[in-house]
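Biologist: I would like to learn how to read a protein model feature by feature. Can you take me through one?

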Amino acid sequence: MSPRKNATSRRATWLAFGLVALASFSASAQPQTDGIETTQLELNSGVQQNVQVPNDATVYLEPELDQSAEATRAYKSALFTLSNLTAHPPSHTHNLFSQPTTTTPSLLSAFLPNPQGQGPLGSAIRIALKLRQQFFLFRLFGGPSGSAARRRDEEMRGKAIKVVDLLQHSAELGNVDALFTLGYISLFPPSSHFPSDPKLAYDSLLHHASLTGNASSQALLAFFHATGYADVVPIDQAQALLYYTFAAQGGHKGAQMAMGYRYWSGIGTVEDCGRAVEWYEAAADEAMSMFLSGPPGGQTLPQTATRLSDLDGGVFGPGASVASTGLNIIKPAVKAGLAQSAGETWDDVLEYYIFNADRGETDFAYKLGKIYYQGSIYSSAGGIGSGAEGVGRIPQDFQQAQFYFLQITRQVWPRDPTNPLQHNAPGYKAENVKQAGYAPKSAAYLGRMYLRGEGVKQDYAMAMMWFERGAEFDDRECHNLLGVMWRDGLVPGRQDMKVALIHISKAAGQELAEAHVNLGKYNYHRGEFKLAITYFEAAVRFGSTFEAHFYLAKIHTLNMRIANQDFAGGFCASAVSFFKLVAERGVWDDDLLTDAEAAWYSGTERGKEIAILKWWVAAERGSEMAQNNLAYVLDQDRSMLRLTRFAPIEASNDTALLALTQWTRSAAQRNIDALVKVGDYYYHGLGVPDEPEALRWEKAAKYYQSAADTSVSALAMWNLGWMYENGIGVPQDFHLAKRHYDMAVETNSEAYLPVLLSLVKLYARSLWYTLQGGKDGLNLWKYDADKMSVAERGRSKREIDSGSKDTSQKDGGAQAAPHKEERVVEESEDDGKWYIGKASEDFRRRRQGEAARAAAAADEEDDPVQWARERRNADNERNADFGPEDYFEAAIRGGHQREEEVDELTETLLLVALCILVALLIYVRTRIVRRTRGQEQEQQQDQGGQRDLGVFPPPGDPARQEWHIVH
């Protein structure tokens, strides 16, 4: 064959390969259009349930088209365009390699490795994708050009204008669904290409509500009147209450929550616990109904929302905030904030887990499967059924979870039988397996996936097979769900309540929250409420966050209605609290907090504005987390709001007033940091009415005192100490100042340095006050005999105040029944011989017991990030001591990992000595430099001419040397 023919054949080959590649990529992109069409059809079916579309509605060129058909056509066209604009949500929280693939594999993708796959090729692809995102050249040639991006942006804006115009046209022709959609997207723009128009939103929703009485429109109108949002209408709580009432009567869950919160807090109406219970019960019933509509075991609980301040270590930062001190340090949000501040990302964590799982590390494989199953780095306490924490959210991937779980279980059960119910036959289990490791826990997840149809086809027989395999090794999750299957008879011929109770009781004996819930429900439906309460309260202690709260609220509501007036108040308060928790967790259809969080982290001004709006809507419904987030972003970065409609020019007092309102409402729901923040606002005069400074300081001191009385806020105690020291808001009293300073350092050891400096200043000030003739100053040489101890006296005062609170009522008021904890204290008061300090010892013993229980619960579910960090450090140390790549460093250390630690005092003295030596050397060097410069200046002056030296000898005179010696 000639060279010319060879070149022609090569060109033809490359051309054919290019055509195949183009066809492959085209085929891979084709399902996106199908998804858009599906979304459009689903949107039509959901929004336009009562609209009958004529057969000729799609004939756009019909000359005599009636008004109804034209309105329907315009509305459907607007929905179709809107679905195209919102089909691809922003992916600001995840990298490309961690997103699940939903498109059909193309011909080319069949030859390329999967970025989510296992092994060296998958790792190489993930590394290449990271490099592409990091390096400038990859971004320069990989992304669209500036002009292309501008054209794309202009095209999207044009489509957004088209959507709004079509909706307005359809609404003008009488389509009420278009009217509501227009109002909704004007208030909550689906993307940055849509204009935000609160006035148009209010007018559209008002018109829609007047025509249809729609509950959703009435709920949003109530929000406008309750907040005066964007100054569309003035604040009118009575009008807001009216709209909320209509919406709640229409079955709107958010409006029912708002009504319950208003009656509970007395916003726009008088406080009425009974009415609050009624509305919160209605909202909780709707949430429970949605939960039970799911597969066996109920719908998967939504991931918990995140308090933004927790990611920063609390409102006042790490150490100073209650949110990041004591046992709160183990909260997932706080741990996630610390991990992110150290530069660790979830993608890095997943990469490390995948690397070790691919090497055959079973523990990494199990934790990785668990992470993919729950869609979060952090799982909630209480077991699989309690859900996961939203702070560690990653894309959920059941296929990856199943892969890793099967990888583990195949080491014990290498094969599955044709009939899953015959898995006990010989040959389906490995021989001589004594330690199954993570196989039983993995079997529980696999059984749950088959039970609920998660990532696999629902198959009750396969689910029972995996549960029985795990129960053979006494796994608690397998026992519990196996009991559920026997209770409900999901497998034909296998229904037995006795067998079910045996399995569920075994799971409950291992402190599984869901098992306690199942036992509680069993007794609840039998009318044995006392025993049911015992199981439900145990479930709450072990981490149940939904069903246990619901049934406890039902029981407390029943007790409230049959109890006398003295006890009804306590039952009512408990019922409101539990119903509120259920209603706020069951938000499958309207998760405002998650949407707001995603909008906030989008990084755009429009996204932050939408996040603030959604937090505000949720805050009006009583969500403490939304109230805290809204107040935190307004307080921390008020300059961010200067370009928004909240404060067009500068941070006005209206913004501070809104923040103070939300801080106050958050504090009323037992957020101690928010309570301290309210005191700060009154002290600095932010968002408060014009009043004398002394009156503001007095109110600030009262808020600080309320926070200090909780015995958890060291910052509030320090603030009170400073106010007593300076006589601001309270009478000047050095003894009380010292008392609160000491209480602060005892509450939080991290306050040692500021308290030490404050005490030094306090003693100096007291000494000066005494020298000037003042009395009752602090004694420098003698311990104050009038105090047991600083913290003990404060605690004793609080115990006395709480014990005498009810007996101090005037006019013969009825004495309330003592609380459960108070009765326990009263019963144990006379136990044993009493001595000075016994109260403090008992308190410390109780607190240590609670800390031990919390630590045990934390050990049950290890922090995945901390666990991986410790494993990595252990591997590094092991390699460093014995590995050839760092032999010199290991030889220096000599593997002395078991030697005793150097005494801290010796190290401190050595560091102080080194600091003194360095300071001395710097001083000597400075003197030498000065002398050298002086001599150089003298020489320059001598060269410039003879100076009048006075009595100083001239150059060349031997006496000059004597002057140098004296100098």
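Modeller: We will go from the overall fold to pairs, cores, backbone and surface.

Modeller: One caution comes before the rest: this is a predicted model.

Biologist: How many helices and strands does the protein have?

Modeller: The protein has 40 helices and zero strands. Of its 967 residues, 42% count as buried. Its accessible surface comes to about 53,000 Å², and 55% of that belongs to carbon and sulfur atoms.

Biologist: What share of the contacts between residues at least 6 apart in sequence joins residues at least 24 apart?

Modeller: That share is 60%.

Biologist: Now to charged pairs. How many salt bridges does a search of the whole structure find?

Modeller: The general idea is that side chains of opposite charge can pair when their charged atoms come close. Here the search finds 31 salt bridges. Take Lys554 and Asp285: their closest N and O atoms are 3.1 Å apart. This pair links distant parts of the chain, with Lys554 in helix 23 (residues 547-562) and Asp285 in helix 11 (residues 273-292). The two residues are 269 residues apart.

Biologist: Which residue forms a salt bridge with Lys761?

Modeller: Glu725 does, and the closest N and O atoms are 2.6 Å apart. Here too the pair links distant parts of the chain: Lys761 is in helix 33 (residues 752-771), Glu725 in helix 31 (residues 714-726), 36 residues apart. Glu725 is buried, with a relative accessible area of 0%. Lys761 is partly exposed, at 42%.

Biologist: Next, sulfur. Which cysteines form a disulfide?

Modeller: In general, a disulfide is a covalent bond between the sulfur atoms of two cysteines. The count here comes to one. Cys273 and Cys572 form it, with their sulfur atoms 1.7 Å apart. The torsion about their S-S bond is about -115°, so the disulfide is left-handed.

Biologist: What about the interior? Which residues touch the most other members of the largest nonpolar core?

Modeller: In soluble globular proteins, nonpolar side chains tend to be buried together. The largest nonpolar core here has 121 residues. Leu187, Phe536, Phe579, Trp615 and Trp663 touch the most other members. Take Trp615: leaving out residues up to four places away in sequence, its contacts include Leu308, Leu593, Trp600, Leu630 and Val633.

Biologist: On to the backbone. What is the phi of Asp474, and of Arg670?

Modeller: Most residues other than glycine have a negative phi. Asp474 has a positive value, near 65°. It is found in the loop between helix 18 (460-471) and helix 19 (476-488). Asp474 is partly exposed, at 42% relative accessible area. Arg670 also has a positive phi, near 70°. Its loop is the one between helix 28 (653-668) and helix 29 (672-684). Arg670 is exposed, at 77%.

Biologist: Last, the surface. Which residues form a nonpolar patch there?

Modeller: Tyr752, Leu753, Leu756, Leu757 and Val760 form one, with about 510 Å² of accessible area together. Leu753 is placed in helix 33. It is exposed, with a relative accessible area of 52%. Helix 33 also holds Lys761, the partner of Glu725.

Conventions:
Residues are numbered from 1 along each chain as its sequence is written. This is a predicted model: local features need pLDDT of at least 70, side-chain atom pairs count only at pLDDT 80 or more; totals for chains, interfaces and linings use all residues. Side-chain values use heavy atoms; hydrogens and water are left out. A salt bridge is a side-chain nitrogen of Lys or Arg within 4 Å of a carboxyl oxygen of Asp or Glu. Helices (H or I, at least four residues) and strands (E, at least two) are DSSP runs, numbered from the N terminus. Buried means under 20% relative accessible area, exposed over 50%, partly exposed in between (1.4 Å probe, protein chains only). A disulfide is a pair of cysteine sulfur atoms within 2.5 Å. A nonpolar core is a set of buried Ala, Val, Leu, Ile, Met, Phe, Trp, Tyr and Cys residues joined through side-chain atoms within 4.5 Å. Contact means heavy atoms within 4.5 Å. Patches are made of residues with over 30% relative accessible area and no salt bridge: like charges are joined within 9 Å, nonpolar side chains (Val, Leu, Ile, Met, Phe, Trp, Tyr) within 5 Å. Accessible areas come from the Shrake-Rupley method with a 1.4 Å probe; for residues, only the protein chains shown count as cover.
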